[in-house]
Amino acid sequence: MLLSWQASIPWLLAACIGVQAVTAPEGVRQIPLRSHSLSAEPPQPYLDSDMQSRYFEFGEDTIVRADQYIRLTSDMQGQSGWLFSRMPITATNWMIEIEFKIHGRGHLHGDGMAIWVTEERGKPGKVFGHTDNFNGLGIFLDTYKNSRPGVTFPYVMAMLGNSSVSYDKDHDGKDNELAGCSARGIRTGGTIPTKIRLTYYAESSLRVDLQYKGPDEWTECFETEAIKLPQTAYLGFSAETGELSDNHDIINVAAHNLHVRQNQGSSRSSKDQGGKARTKPYNPGGTKERGSWRWFFLKIVLFGIVVVGGYVGYTMYRTSKRSSRF
Ligand SMILES: *[C@@H]1O[C@H](CO)[C@@H](O)[C@H](O)[C@H]1NC(C)=O
């Protein structure tokens, strides 16, 4: 009885907080990063009562429709907008899942949007609405082909910037490409929510997956070798329209710290300790979250004690009343 009660606690808590089940490899624990997540609904609304976002900042043509989307550009010519986290990502390994929607009227559309993990934040520029010569990672969802023969668009590609290299705009980033893939369905989406998922392990890889073929049907776009990101890197989004246009909407952002557990039951060799040090996340934000989690748990336990105590007290009271009656 006690065992099953204990076993049900995590589920109960998960149900209370609305934790979503996300697939993670064995031995990897996911800790939600509220400071880098966004959703239209509580507990993480786009805007709080001050019409501001606690964790994100936006600018240029970006508009917020509080219950539906954050629109980086509207379906109009010559727009540019950005949305950036206020705090840098401090997790060593992380996973960020973004639901977006790129849509518009007419036959020709452009130019596309970018997801950033860069030292720069909120600096408008000519790379999908954000600054060139950036330091860090740019993932481009390029919906308009300027000049890349033999490549089907929309095209998704990653570029690693080092502050001095410029984006090769004339050839849709061909010179800068770290990895990429064609993704025909990411623009329309239809009834299928379009999503992109970035999974980053500092010591081993960056992987990008896309969802556009069906709900919960993920397609791997690419996986790279280990890449080095700047010490201080913000999560951002930007988009741009030129002669061609589209709405570029961010619907939802779910970020997680990936905490890689050390091998259980393994001997404490120096090698293992090295492994532990490598994968140990530095995450002050997460510590706070774990604190609030503990507080939440404590509140549930206290509530339980009060209920049980109350019941026991009431029973005793009734018993004593009954016995005193006779
Ligand atoms: C930046 O990257 C480019 C292209 O890979 C390279 O030519 C250049 O030397 C790098 N600059 C610095 C400062 O590392």
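**Exercise 1.** In which strand is T73 found?

Solution. This is a predicted model: local features need pLDDT of at least 70, side-chain atom pairs count only at pLDDT 80 or more, and totals for chains, interfaces and linings use all residues. Residues are numbered from 1 along each chain as its sequence is written. Strands are DSSP runs of E with at least two residues, and helices are runs of H or I with at least four, numbered from the N terminus. T73 lies in strand β4, which covers residues 69–73. The protein chain has three helices and 16 strands.

**Exercise 2.** State whether T73 is buried or exposed, and why.

Solution. A residue is buried if 20 or more other C-beta atoms lie within 10 Å of its own, exposed if 12 or fewer, and partly exposed in between, with C-beta atoms placed from the backbone. T73 is buried because 31 other C-beta atoms are within 10 Å. Of the 326 residues in the protein chain, 35% are buried.

**Exercise 3.** List the residues that T73 touches, leaving out those up to four places away in sequence.

Solution. Contact requires C-beta atoms, placed from the backbone, within 7 Å. T73 touches D61, Q79, S80, G81, A239, E240, T241, D246, N247 and H248.

Conventions:
Two residues are in contact if their C-beta atoms, placed from the backbone, lie within 7 Å.
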